[in-house]
Amino acid sequence: MTPKVVIYTDGACRGNPGPGGWGAVLMSGGKVKEIKGGEPATTNNRMELMAAIQALEALNKPCTVELHTDSKYVQQGIKEWLHLWKARGWKTYSKGAVKNDDLWKRLDQARLRHEVDWRWIKGHNGHEWNERADVLAGEGLREALGER
């Protein structure tokens, strides 16, 4: 039987670009796992992508995943743009380079092991697990800067 996992992800940035963090809450079988990280120089979109990547890569076997993101960039990218970018050789409609293609390629690989249902959730709207992912992203940002 394939394990079922519910994931909430979020990214944060102090300035854009600036220092950033990402966080994710993974829930399965009554267990909750929290992960976080950050980078001293990044963008908000990169941290949103990294949250989803790290969450999917943290799963050590194929799973059925319900992944919640408050990022329209991640949601639209995965559902609408990714297949077009790949078909065009990682070029945009206007033939420019896809921004963050390194992370999009990594996310594309990470999702292939799993059956992922991508769901958008409104951020900062009082949802317990989305708020927790936001807190973790903030912690990841501060840790990247050596702050407490």
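Is Lys72 buried, partly exposed or exposed? I looked up Lys72 and noted that it counts as partly exposed, because its relative accessibility is 47%, where buried means under 20% relative accessible area, exposed over 50%, and partly exposed in between, with a 1.4 Å probe and protein chains only.

**Ground rules.** I am reading a predicted model, in which local features need pLDDT of at least 70 and side-chain atom pairs count only at pLDDT 80 or more, while totals for chains, interfaces and linings use all residues. Residues are numbered from 1 along each chain as its sequence is written, and side-chain values use heavy atoms, with hydrogens and water left out.

**Lys72, continued.** I found Lys72 in helix α2, residues 72–87; helices (H or I, at least four residues) and strands (E, at least two) are DSSP runs, numbered from the N terminus. Not counting residues up to four places away in sequence, Lys72 touches Gly77 and Trp120, a contact being heavy atoms within 4.5 Å. Lys72 and Trp120 are 48 residues apart in sequence, yet I read 7.1 Å between their C-alpha atoms.

**Helix α1.** I checked the length of α1 (residues 44–57): its 14 residues should span 20 Å at 1.5 Å a residue, and its end C-alpha atoms are 20 Å apart, which agrees. The expected span of a helix is 1.5 Å times one less than its number of residues. I then asked how many residues of α1 are buried. Ten of the 14 are, so α1 is largely enclosed by the rest of the structure; among them are Arg46, Met47, Glu48 and Leu49.

Thr42 belongs to strand β3, and I list it as buried because its relative accessibility is 5%. Leaving out residues up to four places away in sequence, Thr42 touches Cys13, Pro17, Gly18, Pro19, Gly20 and Met47.

**Cysteines.** I searched for disulfides, each being a pair of cysteine sulfur atoms within 2.5 Å, and the structure holds zero. Cys13 has a relative accessible area of 22% and is therefore partly exposed, whereas Cys63, at 6%, is buried.

**Helix α4 and what follows.** For α4 (residues 128–144) I compared lengths again: its 17 residues should span 24 Å at 1.5 Å a residue, and its end C-alpha atoms are 25 Å apart, which agrees. I noted Asn130, Ala133, Leu136, Ala137, Gly138, Gly140 and Leu141 as buried in α4, and the buried residues of this helix pack against β1 (4–13), β2 and β3. Just after α4, Gly146 takes a positive phi of about 75 degrees. Glu147 lies in the segment after α4 and counts as partly exposed because its relative accessibility is 35%. Leaving aside neighbours within four places in sequence, Glu147 is in contact with Arg14 and Arg142. The C-alpha atoms of Glu147 and Gly126 are separated by 26 Å, at 21 residues apart along the chain.

**The largest pocket.** Last, I looked for open space, taking a pocket as an open set of points on a 1 Å grid over the protein atoms alone, where a 1.4 Å probe fits, with protein on both sides within 12 Å along at least five of seven lines, and lining residues as those with an atom within 4 Å of a point. About 250 Å³ of space lies in the largest pocket, a volume being the space filled by probe spheres set on the points, which are joined across faces, edges and corners. I recorded 13 lining residues, of which Val5, Leu26, Ser28, Leu59 and Asn60 lie nearest the centre. The elements giving two or more residues to this lining are β2 (18–28) and β3 (31–42). By class, I read eight nonpolar, two polar and three charged residues in the lining, with Ala, Val, Leu, Ile, Met, Phe, Trp, Tyr, Cys and Pro counted as nonpolar, Asp, Glu, Lys and Arg as charged, and the others, Gly among them, as polar.
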